[in-house]
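Please keep the sequence and the three-dimensional view at hand while reading.

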Protein chains: 2
Amino acid sequence: MRENLHATYLIRSSADAIGARAQALALEQSIEVPLAALTDARIERDVVAQVESISARGSDLYAVRLALALETVGDDAGQLMNMLFGNSSLLTDIQLEDIDLSTAAATRFGGPALGIAGIRARVRVAERALTSTALKPIGSSVAQVSRMAALFADAGIDVIKEDHGWAESARSPFRVRVPACQRAIAAANRGKDEHESLSQYAPSLSGDLDQMRVQLRCALECGVTMALAAPMTMGCAGFQTLRREFPQVALLAHPAFAGTQIAPGALLGKLFRLFGADAVIFPNHGGRFAFPRDVCAAIAAGNRAPWLGLKPSLPTPAGGMSVERVAEIISEYGRDAMLLIGGSLLIARDQLAARSRAFVSSVAQASDAVTA
Amino acid sequence: MRENLHATYLIRSSADAIGARAQALALEQSIEVPLAALTDARIERDVVAQVESISARGSDLYAVRLALALETVGDDAGQLMNMLFGNSSLLTDIQLEDIDLSTAAATRFGGPALGIAGIRARVRVAERALTSTALKPIGSSVAQVSRMAALFADAGIDVIKEDHGWAESARSPFRVRVPACQRAIAAANRGKDEHESLSQYAPSLSGDLDQMRVQLRCALECGVTMALAAPMTMGCAGFQTLRREFPQVALLAHPAFAGTQIAPGALLGKLFRLFGADAVIFPNHGGRFAFPRDVCAAIAAGNRAPWLGLKPSLPTPAGGMSVERVAEIISEYGRDAMLLIGGSLLIARDQLAARSRAFVSSVAQASDAVTA
């Protein structure tokens, strides 16, 4: 019995050519050989991708839905990316718009280990939207960055993540930086009463899979519960391996290198969730990046909508946000979201603590407004 | 002393805005925070990327060259990709056009272990262009695919690679498929005289870094000397780790997911070489993909030009080539290239052996013509 997963592609094509384009796509994303070369009927029946539908979406724009044989993918995230779009990413007139798979297949990939509820439990915040900021700038000393971590934790920021530029620099290597920041945050947490959130630290993983494992073990040993990793830079197979090996860690997915011809709603919204991101950071509209509002909404929907029994990922709009926009962002994404504001806190310089507290209280107030 | 690497970006912008865009890019690809937030003079001096030049390239198109601090990268290929283009890949009006680094920095990354000369030694071909084909279609049984491997080796094809769609399928898992194909090819090689090339087999690696290591060790144990991997799918850091751990294996880089806003000349031409690809497969113009001729020429130049003391990678034009185009391809790329023809051999069906021999003899003849 052939099991399928489904992928929808947007293709720029004339009406005359779209049938052949769709068929060529089905071959490109499965057997990479013309049907005329096939000598085994099983392969045509069970392996070749099938064109399920072709529908017009506009002038010279078509949506083509393919059924891809699950036997070509298994439960390997890297192979899924390959079969969905590996070769076709080299074409310029095509976008992977959406994916769909069975609950059984999704269960094999696994999805978030913690999801929104797990992150909420870690920071001890039941209902309001969450706050996040970033430890910046890279190049700071361990003393500088751990002081900043303490300040953010004292101000009540829920998740204090590192920029993805932190790595194994000689000046502040992971094994020195991370324990110092974690100690600073844990010390601040000890002074909080039970109505306050518990700040959590998410260091940035870098290097190959082995180096990331060493980093994660080092982080876990000193009490860290979250980590930042970029699936498109490290490879989705490796991201999923971290997910499987470290189910106790909340994985925040960073969007570095996610600017592909895969629609962000499919990539950041669904695929990152499928591979196990507990939170998904994405560039919100109106910031330093160009994702339009509807694309951001599609990411958040992909993260949170009921889907194949997977836990929801926490949508985390970011990329040039400011405290002034908090109410607007929460009115758009609601409470099951995390607001990530980095640089625009830091420009307050010696008013950083006050600015951070203003961020925290704005999110609390705006969350209340969303209830009402 | 600040050490730099250099990156050139093409940006669509008005003349009025380009100065600010260039400065914003320098911040995005280094500290991710406005300069106004900096309190440490060392970071501005040693860490922040610097705008080295801005030059017009056309109407509302500018080339911006940045100096990125090497201390933010080290020798980690993943981190290099991050710092070159991680965040900016999320913008739509920018392309990473070129990179440049010092010989000392390039030496730390390492480049190809074998390069063109090493591949030539393995296949025992001193001067002519090389031939390559692909084992297709995925979904074939081990018996089918190993028979095909024997046929190609008998026909004298130099490098018999697998499609990147081969993975750990239940029907033909790596540990069964690869020894069978290698035995078939080795048996064919034993019948060859010293003037014939020795066919080499390049199985496709899949999964995470650990799975790839297991696959490579399995392959090495049965005599395989080459392997196929896709740096953009598996992550460049992992690709480089394979390079470092398996210097005896010729790594063929597959272009899956290389359709980014990084110019192919920079990504496939230079970065894949920097990270250790002994051969670089790319979609040639006039085939199933849309890379124009000058882009393909830039890839081949990046692979082969003297550069920072790194061995040259073998340019491998592919993606819908045919035997009829052999002379044209060799007249364009010369002898230090490998021609990869897959599907258009297979459509010969029961004439596959004859068609494969025609490919081999065409390449030999066309190589002679290039000498003359």
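The model is predicted. Chain A has 15 helices and 12 strands. Its radius of gyration is 22 Å, close to the 21 Å that the globule rule gives for 372 residues, so chain A is as compact as a globular protein of that length.

**Overall form of chain A**

- Taken along the principal axes, the C-alpha atoms of chain A fill a box of roughly 70 × 45 × 35 Å.
- Of the 372 residues in chain A, 59% are buried.
- Among the contacts in chain A with a separation of 6 or more, 75% are between residues 24 or more positions apart.

**The two domains of chain A**

- The domain assignment divides chain A into domain 1 (4–108) and domain 2 (115–371).
- The centres of domain 1 and domain 2 of chain A, taken over C-alpha atoms, are separated by 34 Å.
- Where these domains meet, domain 1 of chain A contributes 16 residues and domain 2 of chain A contributes 17 residues.
- On the side of domain 1 of chain A that touches domain 2 of chain A, the elements giving two or more residues are α3 (77–86), β4 and α4 (103–109) of chain A.
- The largest share of that side comes from β4(A), with six residues.
- By class, the side of domain 1 of chain A that touches domain 2 of chain A holds eight nonpolar, five polar and three charged residues.

**Strand β1 of chain A and its partners**

- Strands of a sheet pair through backbone hydrogen bonds, in either a parallel or an antiparallel sense.
- Strand β1 (residues 4–12) of chain A is joined to strand β3 (residues 61–69) of chain A by nine bridges, and the two run antiparallel.
- Within this pairing, A:His6 stands opposite A:Ala67 in β3(A).
- β1(A) is also joined to strand β4 (residues 94–100) of chain A by six bridges, again in the antiparallel sense.
- The bridge partner of A:Leu10 in β4(A) is A:Gln95.
- In a regular strand the side chains alternate between the two faces of the sheet.
- The covered face of β1(A) carries A:Leu5, A:Ala7, A:Tyr9 and A:Ile11, whereas the uncovered face carries A:Asn4, A:His6, A:Thr8, A:Leu10 and A:Arg12.

**A parallel sheet in chain A**

- Four strands of chain A form an open sheet in the order β7-β6-β5-β12, with parallel pairing.
- Its edge strands are β7 (200–202) and β12 (338–340) of chain A, each of which pairs on one side only.
- On average, neighbouring strands of this sheet are turned by 25° against each other, direction ignored.
- Strand β5 (residues 130–135) and strand β6 (residues 159–162) of chain A pair in the parallel sense over four bridges.
- A:Leu135 stands opposite A:Glu162 in β6(A).

**One residue in detail: A:Ala318**

- A:Ala318 belongs to strand β11 (residues 314–318) of chain A.
- Is A:Ala318 buried or exposed? A:Ala318 is buried, because 23 other C-beta atoms lie within 10 Å and the threshold for a buried residue is 20 or more.
- Not counting residues up to four places away in sequence, A:Ala318 touches A:Ile281, A:Phe282, A:Pro283, A:Asn284 and A:Leu340.
- A:Leu340 is 22 residues apart from A:Ala318 along the chain, yet their C-alpha atoms are separated by 5.0 Å.

**An antiparallel sheet in chain B**

- Four strands of chain B form an open sheet in the order β2-β3-β1-β4, with antiparallel pairing.
- At the edges stand β2 (50–58) and β4 (94–100) of chain B; each has a single partner strand, so one side of each is left without a neighbour in the sheet.
- Neighbouring strands of this sheet are turned by 25° against each other on average, direction ignored.
- Nine bridges link strand β1 (residues 4–12) of chain B with strand β3 (residues 61–69) of chain B, and these strands run antiparallel.
- B:Ala7 stands opposite B:Leu66 in β3(B).
- Helix α1 (residues 15–28) of chain B lies across β1, β2 and β3 of chain B and runs at about 135° to β2(B).

**Contact between chain A and chain B**

- In this interface, 68 residues of chain B are in contact with 68 residues of chain A.
- Elements giving two or more residues to the chain B side include α2 (41–46), α8 (209–221) and α10 (236–245) of chain B.
- α3(B) gives the most to that side, with six residues.
- By class, the side of chain B that touches chain A has 28 nonpolar, 27 polar and 13 charged residues.

Terms used:
Residues numbered from 1 in each chain as written. Chains lettered and ligands numbered in written order. Predicted model: local features only at pLDDT ≥ 70, side-chain atom pairs only at ≥ 80, totals over all residues. Buried ≥ 20, exposed ≤ 12 C-beta atoms within 10 Å, placed from the backbone. Pairing = 2+ DSSP bridges. Rg over C-alpha atoms; globule rule 2.2 N^0.38 Å. Contact = placed C-beta atoms within 7 Å. Domains from an automatic or database assignment. Nonpolar A, V, L, I, M, F, W, Y, C, P; charged D, E, K, R; others polar. Axes fitted to C-alpha atoms, helices over the stretch in contact; angles between N-to-C directions.
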